[in-house]
Amino acid sequence: MLKPYYMIDFSASACLFEIRINDYPVIQMNIEGQVSSMIPINYAILETGKQTISATILPFIGSTQLHSKSELKFNIKLFDVSNDFVFNKQFCDYQSEPIQKKGIPIIKYINTFLAEVPYKLSAWQNGENLKNIKKCREKLELAYNNIAKIIQNKQYDIFKSLISKRESNMATSMYLSEEEKQNRVEGLLYDFNSGFKVQAIQKESIMFLYADNRVAMLKKINGESALYLENKKTEEELMLDISFYIPKGKEEFEII
């Protein structure tokens, strides 16, 4: 298969859940009702070999225990996108057990699967262990505030340079053409100029470490990215799910 394309097909209800591939978050949602969707995960598969998939199910925000209707189910679907979007197989089927008693605060699940991909990404596996970094939180806040300032000042050439490694990995793993790669960034810049204003990073945001402590993110209490823009006229928010790492041998955070 020249272009294997892996996707998670999921549905959830009455919970806050997170799914990770190789300890990197690919989806996190706070759901009081129900939701179902399918998302690509190639960008979290760095190379051919054994991959891990894990899920955490928590009470939705505002609740202290899982609801009787709390549920998460998913599977991984493999497609061949060499010529068209052709389904190949399905695996890693998971469905959480029914909630039969009160007081259950969390459900966790972990499994592995083999993936074959025609690329090897240079990403967070080349990063420092952030548990060993002094003043890690301060450095991460500085990186977030720097990005926010760059967007606010419309320094888009600098912004594109800072996200270039991430976008290159995304294009490689998702088999994007050069035009499609450019359209991703230009679409983001279009939104920046469509009435959206970057918001200040909240001090009460929480630092999360992922990818075996090599990736860091700041998130609001509800799990959304601490870096976001708001359009007050349309009452819309634009979340920027950007992750950071410190390359080996360096001292400051970079986008990955």
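Buried residues are those under 20% relative accessible area, exposed residues those over 50%, and partly exposed residues those in between, with a 1.4 Å probe and protein chains only. The model is predicted, so that local features need pLDDT of at least 70 and side-chain atom pairs count only at pLDDT 80 or more, while totals for chains, interfaces and linings use all residues. Residues are numbered from 1 along each chain as its sequence is written, and side-chain values use heavy atoms, with hydrogens and water left out.

Salt bridges, defined by a side-chain nitrogen of Lys or Arg within 4 Å of a carboxyl oxygen of Asp or Glu, number 13 in a search of the whole structure. Glutamate 224, which is partly exposed at a relative accessible area of 32%, pairs in this way with lysine 220, at 3.2 Å between the closest N and O atoms, and lysine 220 is itself buried, with a relative accessible area of 9%. In the salt bridge between lysine 250 and glutamate 254, the closest N and O atoms are 3.0 Å apart; lysine 250 is partly exposed at 46% relative accessibility, and glutamate 254 is partly exposed at 29%.

A further salt bridge joins the side chains of arginine 20 and glutamate 18, with an N to O distance of 2.7 Å, and both of these residues are buried. Glu18 and Arg20 also belong, together with Asp23 and Lys219, to a network of salt bridges.
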